Every structure is written in C-alpha cells, then in structure tokens.
Amino acid sequence: MDIRIGNGYDVHALSPGLPMWLGGVRIPSDTGFVAHSDGDVAIHALCDALLGCLALGDIGHLFPDTSDEWKGVDSKLLLTKVVSLVQGRGYVIGNVDITIALQKPKLAPHIAAMRRVLAGILGVAEDCVSVKATTTERLGFVGRCEGCEVWASALIRRD
Ligand code: MG
C-alpha cells in the first residue's frame, strides 16, 4: 500500500462586515475574512495539505488570486477540484486533521457541521475528519482578533 501525508497552513485577516466562512460553514460573526475567494481559511489549509501529499504545489498556484475566475469563489468548489486531482492519481483520502486558531467567535457550536460538510466533499466518513479549534489566549495577531490561522494534515492512500 502506498501512503502519503501532507500538511497545509493558511492565514487570513479579519475585517468588520465581511462574511465568515470556515470549514465550508457560514459562521455568525461581526467580522469575516479578507480574501479574493470567500476566505475559507480552513478549506485553504486543507487543500494545501492534500496537494502536499502529492507535491502538486499549492492553491495559490492552482487558483491564482489574480484570476477573475476565482474571485469570490466558494472554497468548497476549490476543495472539490483538489479532491478530483488526488483521486485522478489513483489515491483515496484516508483522514484529515484541522486546527483552527481564532480568538472569537467560539467555534465549538459549528465543529460538527464543518466535519459533516467536509466529509461529504472528501468522500469519507465523518470520523475521518477532525476539526479542532483553539484561541491563542489573546496573544499575537490571532489573540488581537486581527486574523485566523489554520493548520491541516492529510493522509491519502493507493491500495
Ligand atoms: Mg487562503
């Protein structure tokens, strides 16, 4: 069995009055992410983890923020395309693990919905999708509510 792992990392700045999308879910919040796409920083990190498994570059390379094609795009569509790339090379997704650092709002009420949405796109069971959230105890740019930071890991396999 051929097993590959990858990791991804992304940051987006927060600004008042923008929609907040995280893990494919709209989060009620008075701030949202500044971005060319919908700013779903969790999905972006996850895409990079999956691309990293196969050394396929990063989403900035695949979906350039200079292109009108990707302006305001639903990041779930980007993830769908990345999953197709992985599957097109004969791999299936094993499991993924995502850690979101955000000072507010609290994400606990939304974790189950994120796992459900992401599992659907990835074509895996919900127990193969881990989403964890933490604050940074008010330290750094996350703690000052200036942005959100996300790390993701992915494992894929070819039987
Ligand atoms: Mg991004």
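This note reviews the metal site, the nonpolar core, the surface patch and the salt bridges of the structure above.

1. Basis of the model. The model is predicted: local features need pLDDT of at least 70, side-chain atom pairs count only at pLDDT 80 or more, and totals for chains, interfaces and linings use all residues. Residues are numbered from 1 along each chain as its sequence is written, and side-chain values use heavy atoms, with hydrogens and water left out.

2. Magnesium site. The protein donors of the magnesium ion are Asp10 (OD), His12 (NE2) and His44 (ND1), at 2.1 to 2.3 Å from the ion. Donors are N, O and S atoms within 2.8 Å of the metal (3.2 Å for Na, K and Ca); water is not among the atoms, so sites may look incomplete. The donor residues follow the spacing D-x1-H-x31-H in sequence. Since His12 belongs to strand β1 (residues 2-16) and His44 to helix α1, the pair ties together parts that are 32 residues apart in sequence. Helices (H or I, at least four residues) and strands (E, at least two) are DSSP runs, numbered from the N terminus. Both His12 and His44 are buried, where buried means under 20% relative accessible area, exposed over 50%, and partly exposed in between (1.4 Å probe, protein chains only).

3. Nonpolar core. The largest nonpolar core has 48 residues, and those with the most contacts inside it are Leu22, Leu50, Leu79, Ile100 and Leu122. Such a core is a set of buried Ala, Val, Leu, Ile, Met, Phe, Trp, Tyr and Cys residues joined through side-chain atoms within 4.5 Å. Elements giving two or more residues to this core include α3 (75-88), β5 (92-101) and α4 (111-122). The largest share, 10 residues, comes from α1.

4. Leu122 and Ile93. Leaving aside neighbours within four places in sequence, Leu122 is in contact (heavy atoms within 4.5 Å) with residues including Leu46, Leu50, Leu79 and Ile93. Ile93 is placed in strand β5 and, at 8% relative accessibility, counts as buried. Residues up to four places away in sequence not counted, Ile93 touches Leu50, Val83 and Leu155, among others. The C-alpha atoms of Ile93 and Leu122 are separated by 7.0 Å, although the two are 29 residues apart along the chain.

5. Surface patch. Met1, Ile3 and Ile5 make a nonpolar surface patch of about 380 Å². Patches are made of residues with over 30% relative accessible area and no salt bridge, with like charges joined within 9 Å and nonpolar side chains (Val, Leu, Ile, Met, Phe, Trp, Tyr) within 5 Å. Accessible areas come from the Shrake-Rupley method with a 1.4 Å probe; for residues, only the protein chains shown count as cover. Ile3 lies in strand β1 and is partly exposed at 47% relative accessibility.

6. Salt bridges. The structure holds six salt bridges, each a side-chain nitrogen of Lys or Arg within 4 Å of a carboxyl oxygen of Asp or Glu. Asp97 and Lys132 meet in one of them, at 2.6 Å, N to O. Asp97 lies in strand β5 and Lys132 in strand β6, so this pair ties together parts that are 35 residues apart in sequence. Asp2 and Arg4 form a salt bridge at 3.9 Å, N to O, and a network of salt bridges links Asp2, Arg4 and Arg158. Arg157 and Asp159 meet at 3.4 Å, N to O; Arg157 is partly exposed at 29% relative accessibility, whereas Asp159 is exposed at 73%.
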